[in-house]
Amino acid sequence: TVLDILNNPRRRVILHEEFLRQVSPFNWLTFTASGATIISGGTDEQTVLGQSGIQTNSGSTNSGAFISDLGSLRFGGAEYRFAAKIYDFLAASDATNTFTLRSGFGDSASGEPIDGAYFRYTHSVNGGRWQAVCRSNNVETSADTGIAASGAWKTFSITVNAGGTSVEFAINGAVTNTVTTNIPTGTGRATGIMPLQIVKSAGTGNSQTYIDFVTVTAEWASLR
C-alpha cells in the first residue's frame, strides 16, 4: 500500500496495491465459492510487477473476487478515481463455458453489484466487448465500450466526479464512455472497491484472470 504523503490525507488519499502476494493482498478480502481458487501470476510480461489471479474450476457455477468491505465508500462527497491493470482471460467465455468478469467500484463478491460503477464482460453481450456499467439499487445503465475482451493486459480506469453526477470510463488511457444515470449516491447507496471478480455460470472448463495493480484515489474539496 502506498499513501500519498505530499498532501494532507484528510483531503486526498491514494491507495495503491501491486498484488505481490498470491493470498490475501493487504487491503482486499479474497473470496472464492464452489471451488474457484486464488492463484499466483501465470503470464510473462515486462510491465507487470507481481500479479495474482483467480481460476474457475470444472463445476458449472463458481466464483472468485478481490474486494474491499462492501460499504466502504459513497459517491457524491469526493472525486473517486479507480485504475486496475487486468489480464482479462486465458480462455474466453462462450456458450459452453460461460463466465462474467467485473472490475471497478462494486459491492458484490459473487454476482451483480447492487450499487456500483464498473466494467463488465461476457461473450453474449455486445459481441464480447467490455461494458461500462452504473448501478443504483439494482437499476442499471450500461454502455458498449467498443473494446473487445481479447486475452491481453488492459488498464481499466473510472472517474466519478465529486457531485456523483457523472462517471467517465477509459481503457488503456482512452475514454470510452461517460455515464450520467443510475450513479449510486445518497443514503443507503454505499458501495465498495472491486478490483477483480469472475463468476462462472455454465460448463466444465475453467478460465483464469489476473490483476497486476489497482490504484484508488479519493479527493475531497475540503478537510474531512
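# Reading a predicted model, feature by feature

Modeller: Buried means under 20% relative accessible area, exposed over 50%, and partly exposed in between (1.4 Å probe, protein chains only). This is a predicted model, where local features need pLDDT of at least 70, side-chain atom pairs count only at pLDDT 80 or more, and totals for chains, interfaces and linings use all residues. Residues are numbered from 1 along each chain as its sequence is written, and side-chain values use heavy atoms, with hydrogens and water left out.

Biologist: Which strand holds serine 136, and with which residues is it in contact?

Modeller: Helices (H or I, at least four residues) and strands (E, at least two) are DSSP runs, numbered from the N terminus. Serine 136 belongs to strand E9, residues 129–136. Contact means heavy atoms within 4.5 Å. Leaving aside neighbours within four places in sequence, serine 136 is in contact with Ile114, Asp115, Asn182, Ile183, Pro184 and Arg189.

Biologist: How do I read a pair of aromatic rings?

Modeller: Such a pair is described by the distance of the centres and the angle of the planes. Rings of Phe, Tyr and Trp (its six-membered ring) pair if their centres lie within 6.5 Å; planes under 30 degrees apart count as stacked, over 60 as edge-to-face and the rest as tilted. That rule gives 14 aromatic pairs here. In one of them, phenylalanine 119 and phenylalanine 169 sit edge-to-face, 5.3 Å centre to centre with 85° between the planes. This pair links distant parts of the chain, 50 residues apart: phenylalanine 119 is in strand E8 and phenylalanine 169 in strand E12. Both phenylalanine 119 and phenylalanine 169 are buried. Ring pairs also join Phe89, Phe99, Phe119, Tyr121, Trp130, Phe156 and Phe169 into a cluster.

Biologist: Which residues touch the most other members of the largest nonpolar core?

Modeller: A nonpolar core is a set of buried Ala, Val, Leu, Ile, Met, Phe, Trp, Tyr and Cys residues joined through side-chain atoms within 4.5 Å. Of the 40 residues in the largest one, Tyr80, Phe105 and Phe169 touch the most other members. A second, separate core of 6 residues includes Ala65, Ile67, Ala109 and Met194.
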